[in-house]
Amino acid sequence: MKCQIANAAGVKFGRYGGLFVPETLVQPLLELAEAYEQMKNSDEFHRELKNLLKNFAGRPTPLYYARNLSRVLGRKIYLKREDLVHGGAHKLNNTLGQGLVAKRMGKTRLIAETGAGQHGVATAIVGANLGFETQIYMGEVDIERQKMNVYRMQLMGAEVIPVRSGSRTLKDAINEAMRDWASSFEHTHYLLGTAAGAHPFPSMVRDFQSVIGDEARRQILEAEGRLPESIVACVGGGSNAMGIFAPFLKDRVRLLAVEAGGRGPGKTDKIADNGASLGYGTDGVLHGALTKILQDPYGQILESYSVAAGLDYPGVGPELAYLAETGRVHPMMADDKTAIRGFRALSRLEGIIPALESAHAVGYAMSEPDALGELTIVNVSGRGDKDLATVMEYENS
Ligand SMILES: *Cc1c(COP(=O)(O)O)cnc(C)c1O
């Protein structure tokens, strides 16, 4: 079975991707892949999802011409406003899609991993709305750091399960969720939060997030009568970036993927004080896929770092690793300082406080305007209300 599908489209992206998982997880992954393949072609599924995206999530989100930022940078900058999606980020596009898949597969329980708590919250929203029992794996360290999101999840009826293994953060939470799924998949769906992990997650999550790029394409053609010269998006695991990039892959549009440069070069002696798996990573297996990861010479996963919790992941989705290697996507970096500058600039110039993750894309655009061309779209993946304490602390340190 494993060999038969190894070359099927969407399983591998060049040499990246695949299903590098223990035997116990092969069956649930293949069941999910098959079910999703069927739903992809179901009009009824798409009607139901479209209805929820419109009336519950608040889509389509605007493509906003940022006239003040444009004036400062001397080119036209449009912002794709995923910060206006219910829950405050693009994450709900994916959790709604997978929630509906799970419902149609007859599952009654959702499990998910979360680092900063944003994906846990987006899963709890869907669990409450679609009527699942919901359990969220979260590292003990993260639970302590993100009390507000833990409380949000609990308010919406989700149970937060503390993870005490390893570094007690995101990657350990993913390991625990996978362990749970191996013995619970008959009634449980594992709702992965980004375009990473084993097949079919990278393709499925990319498809659900592609609504961002589909809308943006229509909107920019309507506003400008042409496609942009570039699109800028931040990269954690790669779901908002793949979502806005995917509908433009065949066009002459520069796709700029901005990773977390973290503390920046020379600021530390740790090997990985960043989240730049495309920039600094090497080939390895993480969470079921061959991709670019931050690892030591013995293949041990390094702890990543970014001021933006959502970019703090030592791997990246396999499709982005492939697109970067083939030169279709250009990996860039913005360090903490550049992101904070973007955060303040967008707040001050446009009255939009972006998520610190999104601020990496904004900060990069501001520091490299020549890379953008005359017309660009910056994906504002989320809003910054969750980050105010972090920014205040950063400014005072
Ligand atoms: C989680 C998150 C990200 C990073 O995840 P991707 O899968 O890379 O998109 C980026 N921005 C916001 C606002 C997030 O919440």
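The predicted model holds 3 cavities of 30 Å³ or more, a cavity being a set of points, on a 1 Å grid over the protein atoms alone, where a 1.4 Å probe fits but cannot get out. The largest cavity has a volume of about 460 Å³, where volume denotes the space filled by probe spheres set on the points. Its lining comprises 33 residues, of which Lys 91, Gly 193, Thr 194, Gly 237 and Gly 310 are the closest to its centre; lining residues have an atom within 4 Å of a point. By class, 11 lining residues are nonpolar, 18 polar and 4 charged, with Gly counted as polar.

Around the ligand are 16 residues, among which Lys 91, Thr 194, Gly 236, Ser 239 and Ser 381 come nearest (a residue is near if one of its heavy atoms lies within 4 Å). This shell divides into 4 nonpolar, 10 polar and 2 charged residues.

A ligand oxygen atom lies 2.6 Å from a side-chain N or O atom of Thr 194, and a ligand oxygen atom is 2.7 Å from a side-chain N or O atom of Asn 240. At Gly 238, a polar backbone atom is 2.8 Å from an oxygen atom of the ligand. The protein buries 96% of the 380 Å² that the ligand exposes when taken alone (Shrake-Rupley method, 1.4 Å probe).

Residues are numbered from 1 along each chain as its sequence is written. Local features of this predicted model need pLDDT of at least 70, side-chain atom pairs count only at pLDDT 80 or more, and totals for chains, interfaces and linings use all residues, while side-chain values use heavy atoms, with hydrogens and water left out.

Technical notes: A polar contact is a pair of N or O atoms within 3.5 Å; within protein, one must be able to donate a hydrogen and the other to accept it, and residues adjacent in sequence count only if both atoms are side-chain atoms. On a 1 Å grid over the protein atoms alone, a cavity is a set of points where a 1.4 Å probe fits but cannot get out, and a pocket is an open set with protein on both sides within 12 Å along at least five of seven lines; lining residues have an atom within 4 Å of a point.
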